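Subject: Structure handover

Hi,

Here is the structure I promised to pass on. Please open it alongside this email. My notes follow below.

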Amino acid sequence: MFENITIGQYYPVNSFVHNLDPRIKILFTFVYIIMLFFVDNVWGYMAALIILMIMIAVSKIPLGYTLRGIRAILVIILITVCLNIFMTPGTVIWSWGFLHITIEGIRTAVMMAVRLVFLVVGTSLLTLTTAPIDLTDGLEFYLSHIPFIKKYSHELSMMMSIALRFIPTLMDETQKIMKAQKARGAQFETGSLIERAKAMVMILVPLFVSACRRADELATAMEARCYRGGTGRTRMKQLVIQRNDKLTCVFMVVMVIVLYGTRFLPDIFF
Amino acid sequence: MPIEIKDLSHTYGKDTPFEYSALKDISLDIDDGEFVGLIGHTGSGKSTFIQHLNGLLNPTSGTVVVDGQDIFNASKEDKYKNRLKVGLVFQYPESQLFEETVFKDVAFGPKNLNLSEEEIEARVKDALESVGLDYQTYKDKSPFELSGGQMRRVAIAGVLAMRPQVLILDEPTAGLDPQGRNEILRQIKDYHEKNGTTIVLVSHSMEDVGRLADKVLVLNKGEVAFFDKPENVFVQTEELEKIGLAAPQITYLMKELKKKYPDINEKIFTIEEAKEEILRHVKNV
């Protein structure tokens with residue numbers, strides 16, 4: 001049930017990308033996302049694909065693994081595609097009742113689908129190559145530079161790292177509870193929709209109970225180690241920009257120029 | 001209801017970097033009414049193994065035959081029926097409680113068996129009493145207002161109420177105080193003797209297993225290290241230590257005594273037996 005969610009699942013190998021400064025990786029991902037929205041023709045998507053492939057190759061993560069994230073958003077992609085195909089005004093090539101398919105619609109639908117896939121693969125690459133703790137360190141750095149938020153930057157990033165940390169734990173817990181209820185004869189796969197919704201109760205109640213208990217235990221454990229928020233807190237591992245990080249910045253600038261540049265190329269196919 | 005396990009293997013996360021072979025070609029038979037103690041180091045595959053016995057996990061290869069029926073090559077309905085015959089109490093089973101009252105929670109399993117109201121009530125009463133909880137006092141309480149030990153009992157009762165023919169318990173005494181441990185173990189033993197249920201008890205305590213079980217199954221890194229009577233397993237202290245386990249403490253004492261007094265019996269793993277053996281020896285001298 002949960003095997004196909006890759007968010008927050010660090011893939012432990014030793015690669016160029018894994019060893020980069022998390023701040024650079026976050027910046028890179030952010031720029032990559034923005035640039036995807038600038039891309040508006042086939043050349044741009046091809047360039048974005050090549051860049052994505054380079055990133056995956058350098059990160060040493062198997063291609064199939066990076067694509068797993070798509071399964072989780074498959075429904076969203078399908079809805080987007082349908083909406084775009086049928087809702088975009090333009091040259092009608094096929095119609096049935098109130099449904100019209102236009103050339104423009106197909107074009108936007110394909111572009112949106114590809115864009116969504118690139119977005120998901122690109123961003124899951126960030127979480128796959130960055131351990132959650134590094135990720136929040138990087139986020140804290142950025143948050144501490146935003147006015148109004150910077151006061152709470154440490155608390156926010158601590159909340160995020162705890163949330164990330166608990167995703168796999170709670171998923172394990174859910175599976176355990178499901179199995180325990182199955183062992184008592186519960187059925188989750190059969191029955192009417194209402195019966196199945198009722199069956200969720202026997203998972204959710206124990207899950208909430210255990211989540212609250214875990215939260216309480218964690219809070220006690222943190223207090224026992226004298227945790228009192230971000231003020232005056234120093235780090236054992238300081239983030240330092242290295243040669244590879246600078247190289248990545250150069251690559252990022254090249255990416256921006258290339259992807260933006262494709263806008264000026266003549267579009268083909270459509 | 002005998003259980004035959006043939007070449008059972010299970011690999012977690014196949015074709016990912018987290019691939020991990022938890023069980024490797026396990027073959028063994030558990031006879032009717034046997035009390036089997038399952039021991040192994042953390043990560044030896046104990047929990048994976050027991051989840052195959054009622055079909056919660058599907059094996060990578062191999063079969064499990066319960067009561068003459070292959071539980072993996074069965075129709076969905078038969079699979080479900082088989083699961084109800086083999087009761088499985090997970091580790092920290094109190095985390096599965098979800099109903100408003102103790103009665104409703106214990107009745108959840110029997111209800112899935114489509115029994116009559118009276119039968120369900122009788123079974124709940126029986127199950128609660130088997131784990132030492134008074135039916136009248138506890139039936140209307142919320143399971144969440146009970147103590148940890150009581151919650152554990154309610155959860156165990158929830159499986160007992162289904163009257164499974166095979167009962168599997170995964171470390172039912174973990175995290176309990178010594179008195180709670182002894183009580184629960186005694187209740188399991190009583191239940192076994194009263195109903196003749198086949199029992200598989202996962203435990204870290206050699207003393208408990210030695211005292212209760214007819215046979216000991218030792219798993220090591222997903223393979224069967226030993227499957228024999230306790231006296232034949234526990235004398236092999238060196239082999240047990242090699243795989244990160246140990247024999248009951250009293251067995252070590254008896255082994256040391258044997259070095260001095262060769263006619264003493266070292267195949268002993270409870271204090272009562274040791275006492276008798278030493279007294280016998282002293283009388284003979």
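Predicted model: local features only at pLDDT ≥ 70, side-chain atom pairs only at ≥ 80, totals over all residues.

In which sense do strand β7 and strand β8 of chain B pair, and over how many bridges? The pairing is parallel: β7(B), residues 166-170, and β8(B), residues 198-202, are joined over five bridges.

**The cores**

The largest nonpolar core has 79 residues. Which of them touch the most other members? They are Val106(B), Ala157(B), Ile168(B), Leu201(B) and Val218(B). The element that gives the most to this core is helix α6(B), residues 148-160, with seven residues. There is also a second, separate core of 20 residues. Among its members are Ile24(A), Phe28(A), Ile56(A) and Leu259(A).

Leu201(B) is worth a look on screen. Leaving aside residues up to four places away in sequence, Leu201(B) touches Gly37(B), Leu38(B), Leu169(B), Ile188(B), Leu212(B) and Ala213(B).

**Helix α3 of chain B**

Is α3(B) largely enclosed or largely open? Eight of its 11 residues are buried, so α3(B) is largely enclosed by the rest of the structure. The buried ones are Val102(B), Phe103(B), Asp105(B), Val106(B), Ala107(B), Phe108(B), Gly109(B) and Pro110(B). Their cover includes α4 (117-130), α5 (135-138) and α6 of chain B. Just after α3(B), Asn114(B) takes a positive phi of about 60°.

**Where the chains touch**

On the chain B side, 21 residues are in contact with 17 residues of chain A. Three elements of chain B give two or more residues to that side: α2 (76-85), α3 (102-112) and α6. Of these, α3(B) gives the most, with three residues.

**Chain A**

Chain A has nine helices and two strands. From the N terminus, the elements run α-α-α-α-β-β-α-α-α-α-α. The C-alpha trace spans about 65 × 60 × 40 Å along its principal axes. Of the 270 residues in chain A, 22% are buried. Take the contacts in chain A between residues at least 6 apart in sequence: 75% of them join residues at least 24 apart.

One helix pair stands out for a close look. The axes of α6(A), residues 132-143, and α7(A), residues 153-183, come within 9 Å and cross at roughly 155°. That makes α6(A) roughly antiparallel to α7(A). Their crossing is right-handed. From α6(A), the residues that meet α7(A) include Ile133(A), Thr136(A), Leu139(A) and Leu143(A). On the α7(A) side, they include Leu156(A), Met160(A), Leu164(A) and Arg165(A).

Best wishes

Methods: Residues numbered from 1 in each chain as written. Chains lettered and ligands numbered in written order. Core = buried A, V, L, I, M, F, W, Y, C linked by C-beta atoms within 7 Å. Buried ≥ 20, exposed ≤ 12 C-beta atoms within 10 Å, placed from the backbone. Helix = DSSP H or I, 4+ residues; strand = E, 2+ residues; numbered from the N terminus. Contact = placed C-beta atoms within 7 Å. Pairing = 2+ DSSP bridges. Axes fitted to C-alpha atoms, helices over the stretch in contact; angles between N-to-C directions. Parallel < 35°, antiparallel > 145°, perpendicular 65-115°, else oblique. Left-handed = near helix turned anticlockwise from the far one by under 90°.
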